[in-house]
Amino acid sequence: MSFYTLGISVSTHDSSICLLRDETIVVAYSCERVSRQKHTHRVKQKDINLLVAYATVIDLVIVTNIKIPTKPENFCVASLDVDESDGDIKLMLQNAGIKVKKFIVDNSNHHLYHAAAGFYASGFDEALCLVVDGVGTRWKYKGAMLCETTTILYAQEKFTTLYKNLYYKHCDTDQKGLEDEEIDQAKSFYNYPVTISPHLDIGKMFGTVTRHIRLGSSNDAGKTMGLAAYGTSNNLPPMILQDQMTSDANFFRNDGQINTFLYPLLKTPNEALRRNLAFNVQRALESIFVKRIEQALSLKNCNNIVLGGGCAMNILGNSVIKKTFPHLNVFVEPIGSDSSQSIGAALYHYKSVFPNSKFTNLNTLYLGPTYSLDHIRKKVIKFMEQSNK
């Protein structure tokens, strides 16, 4: 009898669903494909109803990036600002007539699920996984929010976290910053090396520039990468600290804004300035990518690299990695946005239940139902007829 595993990611953007039958992805889709709302952060009843065509009894459901009750502990995973709770998801599954045998909620492994989605799709027996995005899992600590931004993992039969970068911002207005002793205490909650800093990491920098030059939200960072091609070398203030992998605090404020008080020229950028800001943040990303790969290789000797997280969708940055390290085998998580969270969660937890299982490397992104040409033709004709009325 088949074992069905369902991964659901609610998230603050790019919510998604993935269903496994044993080791095979039966269907996976971003909820925006159903709602037609770009980067939707919702999971709705009609998203769940699609699953009935594949299974009405699901052995294991994993829900991640969801609203969870605020915990009183001094150090805890922070709830996300989303609409759905685990109770909402359970009710939608029940309304769809789907029986669930085991239900898990996990908000603490955002970067791990990015890594799992990439590694299990790569076909590698082992790999260093570099996950870089804007903000992943968030932890609350002494009035501050610790946000994971870069994680390096080693994947083989299991995942081992080798390093994590976190930036902190304060939730309480009367806080002035974490003392050195408090930072050291926060580090003790992790069983691997971490860097905790008020400086922004490259994913947050990229999103900040994208918003500032009016190309949309952080989810539209690909437009900034494209605009960078029209910029040129310039004398604008530095975005990153020299020879470092974090932002210059004179340029980026801790709250994720550009410091236009120090640099009033940047307040209302003209077209040339917008292009050069895009150019500079793209070059910063490429520089940081190279340094992060060097860091990963210093932690573990491995010729296979898996790139994951939103920044992995930066094809120019990926190309620089390949040019700088031609001996490495590089695999990029094919769905680098949070849409892959449901895939990573489903694969990771299935592997936890069946540790001897082997996944087939992903060779297509068409992870849903198939349609005949005749079916498509009829749909197109019907659409055209309705449009002409």
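**Exercise 1. Sort the residues that line the largest cavity into nonpolar, polar and charged.**

Solution. The lining divides into six nonpolar residues, one polar and no charged. Here Ala, Val, Leu, Ile, Met, Phe, Trp, Tyr, Cys and Pro count as nonpolar, Asp, Glu, Lys and Arg as charged, and the others, Gly among them, as polar.

A word on the model before we go on: it is predicted, so local features need pLDDT of at least 70 and side-chain atom pairs count only at pLDDT 80 or more, while totals for chains, interfaces and linings use all residues. Residues are numbered from 1 along each chain as its sequence is written, and side-chain values use heavy atoms, with hydrogens and water left out.

Next, name the residues: Leu130, Val132, Phe289, Leu307, Gly308, Ala312 and Ile321 form the lining. Strand S7 (127-132) and strand S12 (304-308) are the elements that give two or more residues to this lining. (Helices, H or I with at least four residues, and strands, E with at least two, are DSSP runs numbered from the N terminus.)

**Exercise 2. How does helix H6 (residues 202-212) run relative to helix H8 (residues 271-299), roughly parallel or roughly antiparallel?**

Solution. Start with the geometry: the two helices pack at an angle of about 170 degrees, and their axes are 10 Å apart. Axes are lines fitted to C-alpha atoms, for helices over the stretch in contact, and angles run from 0 to 180 degrees between N-to-C directions. Angles under 35 degrees count as roughly parallel, over 145 as roughly antiparallel, 65 to 115 as roughly perpendicular and the rest as oblique. H6 and H8 are therefore roughly antiparallel.

Now look at the contact (heavy atoms within 4.5 Å). H6 brings Ile202, Met205, Phe206, Val209 and His212, and H8 brings Leu277, Ala278, Val281, Gln282, Ala284, Leu285 and Ile288. These residues divide into 10 nonpolar, two polar and no charged.

**Exercise 3. At roughly what angle do the axes of helix H4 (residues 110-122) and H10 cross?**

Solution. The axes come within 7 Å and cross at roughly 80 degrees. That makes H4 roughly perpendicular to H10. Among the contact residues, find His110 and Tyr113 of H4, and Gln341 and Lys351 of H10. The contact divides into nine nonpolar, five polar and one charged.

**Exercise 4. Is phenylalanine 354 buried, partly exposed or exposed?**

Solution. First locate phenylalanine 354 in the loop between helix H10 (341-353) and helix H11 (373-387). Its relative accessible area is 32%, so phenylalanine 354 is partly exposed. (Buried means under 20% relative accessible area, exposed over 50%, partly exposed in between, with a 1.4 Å probe and protein chains only.)

Terms used
1 Å grid on protein atoms, 1.4 Å probe; cavity = no way out; pocket = protein on both sides within 12 Å on 5 of 7 lines; lining within 4 Å.
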